[in-house]
Amino acid sequence: MLDAQAHFEQIRDTLPGDGQARAATLAAAEAVGLPTRRVESWHYTDLARLLKSGETAVVRAVDFSSVEALEAHFENGVLQSEPQADGLQITPFLGTLASPDAPSPDNVMANYNHALAQNGLTAEVSGTLAHPLVIRTSGSEPVHLAHKISLAAGAKAVLVDDHMATGYSNVVFDITLGEGAELTLLRSQQAGHQVGLSHVTLEQDAKYKSVAMISGGTLARHEAHVSLKAAQAHAELHSAVLGHGLSKAATHADFTYVIEHQAADTSSHTSAYNVLDGNARGVFQGKIIVRPDAQRVDAQMQTRAMMLSEGAEMDAKPELEIYADDVVCAHGSAIGELDRDALFFLRSRGLDEASARHLLVAAFLEQVTTHIDDEGLSEIMRGLVDAKINTLLGNFNGGASA
Amino acid sequence: MSSLLDIKDLHAGITDKPIINGLSLSINPGEVHAIMGPNGSGKSTLSYVLSGKSGYEVNGGEMLFEGQELAEMTPEARAIAGLFLAFQYPLEIPGVTNMTFLKTSLNAIRRGRGEEDMDAASFLRLAREKSRALGMDDDMLRRQLNVGFSGGEKKRNEILQMAMLEPKLAILDETDSGLDIDALKTVAEGVNALRSPERGMLVITHYQRLLDFIKPDVVHVMAKGQIVKSGGPELALELEKSGYAEYVGGADAASAGSPAHA
């Protein structure tokens, strides 16, 4: 587990910004300590225990060359390459972002990030980016990154968060979308223990779409706070988990959302698809808040889980907090096993059992991949999912259990 | 002539519950056999036992497909050997397009027979030709498998799979259920187009109506897990008038009723 104080002393000289302020923030965070399971938003994710697991295996980088992606590559927190493109302005990382609230057990991880952030991409987008912008995180050392992404009014971009770091990382995204701006954030985590937090604000007519694919790593905590601030703002958050591994090496994927409809005529659409084998655990906590004047809000939330072993676990907790009376809000949750009738149907059409299972798992996760509009990127993600299913197929057949 | 399918004294069911009780049936290439019978007589169980659905056990007798014992084969091996079941309730599989599914299925069967995969262009041509012949527009190939399909579209899709896979023996399990008369005609035309001297068919139905469109060579009446009577197409018309009462007997007779008004 990370000794934050020692880590701070070690990297202190390399950190930009106000060292004193950082030290004070860290001391305040340390006084609160890591969130325990008694904190509601961390109830299903025992952070201290999960951070005790060692580094995960090194994985192969996703190849984004077919989509001519721009790349910002952070290796152990050090920026290796800085992307350049029309409509993209990168400014050097100057230390911490806006000062966080005083630490409480709920937000203490943001305070750790505030104190220890050693780097991050500060990008402003005006206009339309012709190619996806990839933020790649690799290496094995503990790392704190703070990214700030702003899209000016009418700007359009596709951002890819390619996480392949094998150790601990605490990554904050601060995303602001101006009027009519459109951002797609594609996230892939293949390794490591990541505590991720994103804050997203949407102005009028802005569109945000996040599509996450967790195919490895022992901890993938992705917390998102989305604020829809003006009419016609639309947010979509879709996640897919291909969880596997036994005991300490098992995937633990936690998507925790707070989606706040602050204005009338805003909409959100959330879906979570979990395939869980071995001792993998999936967590979904989704809270939709509709403020009193936010009439005609349309908010939909769906959780689905396919359990492939006795030892896997899924916890789904959708919550609606509605203060307006003219809204359409719905949530649904379904947890089941691989459909035996579907398996028989496919085998009766000539597919052997392994191929039939592969097809059913891939089809299940395709319901997330299908939200990626860029064809090149969706093909890349399909390839990643297919390769992962292939390596896991032995486990699928055995139905590994605890 | 050697039989395509030869079932002798078959006993089968779910775990300890016997459903098929000493059934014998023989189908030659080129023949269309119909099995009719009241609900609960074991018609659908027969189709599942023949195609190898898990949970169904064979407890005695034999079912030879071109001389090979089906009970010893996996469901996919039966498909590769040329057996096809058109499902009574076709499944919806979101996340896979009809086209991808058809291609995966066709190539799995070709590989199982030691043949090369069909190249993409030939496959596309074949799929379009077969689906248009069934009155399906190209859009149905691009849609997710059976998702949002009407009852008639799902059944047509089953027949499309049959047309693509060209089985030696096709079992149609209550293909008429849930179809209006127009959909029934389209599906029946699709089935009739596949009739050939090499191909056998086993049409399972509760009603005579389907047999107006798919003319059988032999009609069997099934009750309590056995074939209790066999005859020509006229037997179906007879059943239409008299119902299944005489084959069910006892207290069941009243509830079994006439198939025409069930």
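Predicted model: local features only at pLDDT ≥ 70, side-chain atom pairs only at ≥ 80, totals over all residues.
1. In total, 17 residues of chain A are in contact with 21 residues of chain B. On the chain A side, the elements that give two or more residues are helix 5 (340–347) and helix 6. That side of chain A divides into seven nonpolar, four polar and six charged residues.

2. Now for the core, which is worth a look on your screen. The largest nonpolar core has 190 residues, and those with the most contacts inside it are A:L365, B:F84, B:L169 and B:I171. Helix 6 of chain A (residues 353–369) gives the most to this core, with nine residues.

3. Which residues does B:I171 touch, leaving aside its neighbours within four places in sequence? The contacts are B:S47, B:L50, B:S51, B:F84, B:L85, B:A86, B:L202 and B:I204.

4. A few words on chain B as a whole. Chain B holds 11 helices and 12 strands, and 44% of its 262 residues count as buried. Its C-alpha atoms fill a box of roughly 60 × 40 × 35 Å along the principal axes. The radius of gyration is 18 Å, which agrees with the value near 18 Å for a compact globule of 262 residues.

5. One last point on how chain B is connected: among contacts between residues at least 6 apart in sequence, 70% join residues at least 24 apart.

Methods. Residues numbered from 1 in each chain as written. Chains lettered and ligands numbered in written order. Core = buried A, V, L, I, M, F, W, Y, C linked by C-beta atoms within 7 Å. Buried ≥ 20, exposed ≤ 12 C-beta atoms within 10 Å, placed from the backbone. Helix = DSSP H or I, 4+ residues; strand = E, 2+ residues; numbered from the N terminus. Contact = placed C-beta atoms within 7 Å. Nonpolar A, V, L, I, M, F, W, Y, C, P; charged D, E, K, R; others polar. Rg over C-alpha atoms; globule rule 2.2 N^0.38 Å.
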